[in-house]
Amino acid sequence: GPRTPRAGQRAPRRAARPPDMPLVPVSQRTGYTLEEVSEHRTAKSLWVVINRKVYDVTTFAKRHPGGAAVLLQMGGKDATAAAAAAHKNALPANLMWEFCIGSLVRFKAKQESPHKEPVARAAKPKGQPKLAAAKAGKGG
C-alpha cells in the first residue's frame, strides 16, 4: 500500500546524555586487543574496528543506514575494508567519533605491577663514597 510518513509515530525520547557527547570521553579511551573486541559480536554488545579504532556500535546499529545486520556481520572484527567498500567515499567520521571507545592494540600492557616503587628512587648512588675513599687512600 501507500507509504505513510512515520514522523508522527516517533515519541520524543529524553536522551540520557547530550547527543554530542561521546560514549567514552577521549581521556578515558583505552586500548583493546582484537581478542577483546571479538567477544563483542552480538546485538547486546557490538563492537567493530575501523582504521585501528574501536567503535561500540550497539546503539548505532539500529540507526545504521545500511541496516543493523551488516554491522552484526562485522561484529567483533576489523571492518576497515568492508566499511571502505560499502561507503565508497570516506566514512562519516563526524558521526563515528561519538561511538569510538578506544583504539586497537596488539597486546595489553600489564597495568597492575606488583612493585609500584619508582626504579629511579630505589637505586641510590653508591659510587660517591667509594670515590672519596679512593682519593683519600691515594694521597700517600
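**Sheet, cores and aromatic pairs in the predicted model**

His-64 is buried, because its relative accessible area of 12% falls under the 20% limit. The model described here is a predicted one. His-64 sits in the loop that runs between β4 (53-56) and α2 (68-73). When residues up to four places away in sequence are left out, His-64 touches Val-70, Leu-71 and His-87. One of these contacts, Leu-71, also belongs to the largest nonpolar core, which is taken up below.

The strands form an open sheet of five, in the order β1-β5-β4-β3-β2, and the pairing is mixed. At the edges of the sheet are β1 (30-32) and β2 (41-42), each of which pairs on one side only. In general, the strands of a sheet pair through backbone hydrogen bonds, either parallel or antiparallel. Between β2 and β3 (residues 45-50) the sense is antiparallel, and the pairing extends over two bridges. Here Thr-42 stands opposite Ser-45, a residue of β3.

The largest nonpolar core has 14 residues, and the members that touch the most others are Val-48, Ile-50, Tyr-55, Val-57 and Leu-71. Strand β3 supplies the largest share of this core, with three residues. A second core is separate and holds eight residues, among them Val-37, Trp-47, Val-49 and Val-54.

Across the whole structure, a search finds two aromatic pairs. In one of them, the ring centres of Tyr-32 and Trp-47 are 4.9 Å apart and the planes meet at 70°, so the arrangement is edge-to-face; the angle is over the 60 degrees required for that class. Tyr-32 belongs to strand β1 and Trp-47 to strand β3, so this pair ties together parts that are 15 residues apart in sequence. Both Tyr-32 and Trp-47 are buried, and Trp-47 is also a member of the second core.

The other pair joins Phe-60 and Phe-99 and is tilted, with 5.1 Å from centre to centre and 40° between the planes. Phe-60 is in the loop between β4 and α2, whereas Phe-99 is in the loop between α4 (93-96) and β5 (100-104), so the parts tied together by this pair are 39 residues apart in sequence. Phe-60 and Phe-99 are both buried. The loop between β4 and α2 thus holds Phe-60 as well as the buried His-64.

How values were computed: Residues are numbered from 1 along each chain as its sequence is written. This is a predicted model: local features need pLDDT of at least 70, side-chain atom pairs count only at pLDDT 80 or more; totals for chains, interfaces and linings use all residues. Side-chain values use heavy atoms; hydrogens and water are left out. Helices (H or I, at least four residues) and strands (E, at least two) are DSSP runs, numbered from the N terminus. Buried means under 20% relative accessible area, exposed over 50%, partly exposed in between (1.4 Å probe, protein chains only). Contact means heavy atoms within 4.5 Å. Two strands pair if DSSP finds at least two bridges between them. A nonpolar core is a set of buried Ala, Val, Leu, Ile, Met, Phe, Trp, Tyr and Cys residues joined through side-chain atoms within 4.5 Å. Rings of Phe, Tyr and Trp (its six-membered ring) pair if their centres lie within 6.5 Å; planes under 30 degrees apart count as stacked, over 60 as edge-to-face and the rest as tilted.
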